[in-house]
Amino acid sequence: MRDTPLKLLVAVDGSPNALGAVRLAAELGRRGARLEVVLLNVQKPLMSGEVGPIAPADLAVERRHLSAADVLDETARLLAEAGLACRRVEEMDEPAAAIAARAVRHGCDAIALGSRGRGRVRSTLLGSVSMNVIRRAERPVIVVGDSEVGLPPGPLRILAAADGSPGATRALAFAIRLGEALPSSQVEVLNVEPPGRTGAKAVQDTAAILADAAAAAQGSGCAVTTRAVQDSAPAEAIVRAAQASRCGMIAMGTRGRNPLVQLLLGSVAQGVLQRAPVPVIVER
C-alpha cells in the first residue's frame with residue numbers, strides 16, 4: 001500500500017461537465033482520499049484577427065487572464081470547501097495538448113475532465129477536447145458526463161472491465177491506485193465474453209484474465225473481487241453490473257483485444273461512455 005497521495009489534474013473551463021469533474025475530486029476529498037489537485041484552465045491562443053492597432057495583443061491576453069481567474073476562483077472554492085488545497089495553473093494554448101502535457105509536467109496520476117466543454121455542438125458523445133485528450137494523454141482520463149448525480153453513499157466501489165487488453169490492464173491498475181488513496185474502497189473486476197465461448201481455450205483465457213487482475217491487487221490494501229459473465233452486449237452488461245453493485249465509477253480500456261480495430265474508441269468503450277450514469281476512467 002502506498003503512502004503517497006494521488007495527484008489529479010482537473011481541467012476546468014466553466015462548463016457544467018467540468019464542474020462535475022471538480023465536484024468528483026471534492027467528494028473524494030470529503031471521503032478521506034489522499035489527493036493533490038492541479039486545477040488547469042486553458043485559454044485559446046490569440047487569433048490573427050483579434051489583434052491590431054485598435055485591439056492590442058496585451059488587452060486580449062488580459063481578457064483571457066481574467067476569464068481564467070474567474071473559472072479557477074470558482075473551482076478552487078469548491079475544493080476548499082471539501083478541505084482540499086490545489087495548485088492553480090492557467091495556460092494559453094491548444095487545450096488538449098496543454099492538458100496532456102501539463103499532466104506529465106506536474107507528475108499527475110490521472111486527468112479528470114468533462115465529456116464536453118462550452119462549445120456549441122452538444123449532440124456528440126465526446127467533445128473535441130476530451131476526445132483529443134484521450135488520444136494524447138499518457139495518463140488515465142476520468143470522463144465526467146451529463147448524468148452524474150454524485151457518488152453512492154458508503155465505500156467507493158469501482159467496476160473494472162477486464163478483457164486482457166493493455167488499456168484495460170492499465171485502467172485496472174489505476175482503479176486499484178485510487179482504491180489505495182481512499183480507505184475501504186473496493187474494485188469489482190468483470191470480464192464479459194460473448195455467449196457460447198465454452199471451449200477449454202475460452203475458459204483458460206477468462207481464468208487467466210481474472211487471475212492477473214487479482215494478482216495486480218496483492219499488497220495494495222484495496223479489496224478486489226472478480227467474476228465473469230457472458231453477454232452479447234458487453235457495454236450494456238458493464239453498465240448494468242456497475243448499477244447493480246452501486247459502483248461509483250467504471251474503469252476500462254479504450255479498445256479491446258482485436259488488433260484490427262484502429263478506432264480511438266472501440267464500440268464497447270463508446271457504449272459505456274454513452275450509457276454510464278457514473279464517471280468512466282479510460283486508458284488507451
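## Salt bridges in this predicted model

Glutamate 283 and arginine 170 form a salt bridge, with the closest N and O atoms 3.6 Å apart. The term here means a side-chain nitrogen of Lys or Arg within 4 Å of a carboxyl oxygen of Asp or Glu. Glutamate 283 sits in strand β10 (residues 280-283) and arginine 170 in helix α5 (residues 166-181), so this pair ties together parts 113 residues apart in sequence. Helices (H or I, at least four residues) and strands (E, at least two) are DSSP runs, numbered from the N terminus.

A quick word on the ground rules: this is a predicted model, where local features need pLDDT of at least 70, side-chain atom pairs count only at pLDDT 80 or more, and totals for chains, interfaces and linings use all residues. Residues are numbered from 1 along each chain as its sequence is written, and side-chain values use heavy atoms, leaving out hydrogens and water.

The salt-bridge count comes to 11. Here are three of them:

| Pair | Closest N and O atoms |
|---|---|
| Glutamate 283 and arginine 170 | 3.6 Å |
| Glutamate 188 and arginine 157 | 3.2 Å |

Glutamate 188, in strand β7 (residues 186-193), pairs with arginine 157 in strand β6 (residues 157-161), and the two are 31 residues apart.

What about burial? Buried means under 20% relative accessible area, exposed over 50%, and partly exposed in between (1.4 Å probe, protein chains only). Glutamate 283 is buried at 10%, while arginine 170 is partly exposed at 38%.
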